[in-house]
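Please keep the 3D view open while reading the points.

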Amino acid sequence: MKLKAKRIFTKGSWRFVFQGIIVCMVIFVSSCARIPIESVSYPTRKSIIRPSAPVLRKNVLHTVAPGETVWRIAKMYDVGINDITRANNLNTSKKIKMGQRLNIPAAAGIKPVITLYTSQKWKYIIIHHSATDVGNALCFHGSHKRRGFDNGLGYHFVISNGTKGKQAGQIEVSPRWIKQQNGAHCKASDMNYKGIGICLVGNFNKNWVSQEQMNALIYLVNTLRKNYKIPLKNIMGHGQVPKAQTDCPGKNFPWVKFKMGIGK
Ligand SMILES: [Zn+2]
């Protein structure tokens with residue numbers, strides 16, 4: 001009797017172990033199936049896939065903005081340089097032109113690539129609005145060129161309102177920033193020589209700054225002011241610059257919200 005009971009118990013535990021192995025195998029196989037296909041197709045990117053929430057990747061058509069290189073675009077979309085080169089049949093020089101359309105295979109959500117250069121030059125941050133309903137760095141580059149600005153786009157950064165193919169809150173980096181050139185955004189008080197010019201797309205005399213734009217502005221201003229040790233009193237709107245005669249960045253610009261956002 002004792003022996004029988006022992007045998008039954010042994011059989012049951014083996015069945016339990018066997019069932020456990022099956023369950024583990026099912027979990028393992030189904031977790032493998034959740035690995036995004038693109039991470040298998042593009043093994044070079046594995047090292048830079050972030051371990052946080054899974055990124056929804058998709059193919060994107062990107063219009064090259066002023067100053068952008070394949071390196072910069074690859075960083076923006078978290079893809080390999082070679083993936084862009086292959087998808088667009090670029091030659092080894094990887095030369096691309098402003099306005100050119102590029103296929104970006106398996107692109108992640110766009111993220112800003114803000115290079116911080118060593119410089120003693122930047123003492124102020126000046127905030128503008130474009131005073132237009134729509135726009136992007138490429139549009140403003142063209143219009144500033146037509147207005148006679150030597151290097152085109154007068155700002156150092158443009159923050160999109162989600163028009164002209166850009167996402168709301170997307171930060172576009174101007175060639176003036178990449179080349180560390182003077183701005184062409186604020187003549188008053190010589191701000192072009194010492195102030196970083198940031199333009200929010202929109203007309204804030206009649207519209208409002210979106211949450212996405214405000215979040216991007218706060219992120220950008222804090223990144224810059226901390227790196228260049230710019231005091232809070234030197235962060236101002238175009239219209240607040242001594243001798244400037246403008247209402248830029250518009251009467252609806254939410255100064256209280258902005259100042260609370262950038263902190264101390
Ligand atoms: Zn302005």
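**Notes on the model**

1. Start at V70, which lies in helix α3. Helices here are DSSP runs of H or I with at least four residues, strands are runs of E with at least two, and both are numbered from the N terminus. This is a predicted model: local features need pLDDT of at least 70, side-chain atom pairs count only at pLDDT 80 or more, and totals for chains, interfaces and linings use all residues. Residues are numbered from 1 along each chain as its sequence is written.

2. Not counting residues up to four places away in sequence, V70 touches I81, I84, T85, L90, K94 and I96. Contact means that the C-beta atoms of two residues, placed from the backbone, lie within 7 Å. V70 and K94 are 24 residues apart along the chain, yet their C-alpha atoms are separated by 6.8 Å.

3. Now the whole chain. The protein chain has nine helices and seven strands. Of its 264 residues, 30% are buried. Take the contacts between residues at least 6 apart in sequence: 71% of them join residues at least 24 apart.

4. Look next for the nonpolar cores. A nonpolar core is a set of buried Ala, Val, Leu, Ile, Met, Phe, Trp, Tyr and Cys residues joined through C-beta atoms within 7 Å. The largest one has 35 residues, and those with the most contacts inside it are I125, I126, F157, V158, I159, I198 and L220. At least two residues of this core come from each of β3 (124-129), α5 (137-146), β4 (157-161), β5 (168-173), β6 (195-200), α8 and β7. Which element gives the most to this core? The answer is α8, with five residues. Another core, of 10 residues, lies apart from it and includes A74, Y77, I84 and I104. In soluble globular proteins, nonpolar side chains tend to be buried together.

5. I159 deserves a look of its own. Leaving aside neighbours within four places in sequence, I159 is in contact with G169, I171, I198, L200, V201, Q213, A216 and L217.

6. Turn to the pair α8 and α9. The axes of α8 (residues 211-228) and α9 (residues 255-262) come within 9 Å and cross at roughly 45°. Axes are lines fitted to C-alpha atoms, for helices over the stretch in contact, and angles run from 0 to 180 degrees between N-to-C directions. The two helices are therefore oblique to each other. Oblique is what remains once angles under 35 degrees (roughly parallel), over 145 (roughly antiparallel) and 65 to 115 (roughly perpendicular) are set aside. On the α8 side, M214, L217, I218, V221 and N222 meet K257, F258, G261 and I262 of α9. These contact residues divide into six nonpolar, two polar and one charged. Here Ala, Val, Leu, Ile, Met, Phe, Trp, Tyr, Cys and Pro count as nonpolar, Asp, Glu, Lys and Arg as charged, and the others, Gly among them, as polar.

7. How many of the eight residues of α9 are buried? The count is zero, and α9 is hardly covered. After α9 comes G263, with a positive phi near 70°.

8. Check F204, in the loop between β6 and α8. F204 counts as buried because it has 23 C-beta neighbours inside 10 Å. Beyond four places in sequence, F204 touches H129, V209, P249, G250, N252 and F253. P249 sits in the loop between β7 (235-237) and α9. The peptide bond from C248 to P249 is cis, with omega near 5°.

9. D78, in the loop between α3 (70-77) and α4 (81-87), has a positive phi near 55° and is not a glycine. Q180, in the loop between α6 (175-178) and α7 (191-194), also has a positive phi near 55°. Most residues other than glycine have a negative phi, and most peptide bonds are trans.

Methods: Buried ≥ 20, exposed ≤ 12 C-beta atoms within 10 Å, placed from the backbone.
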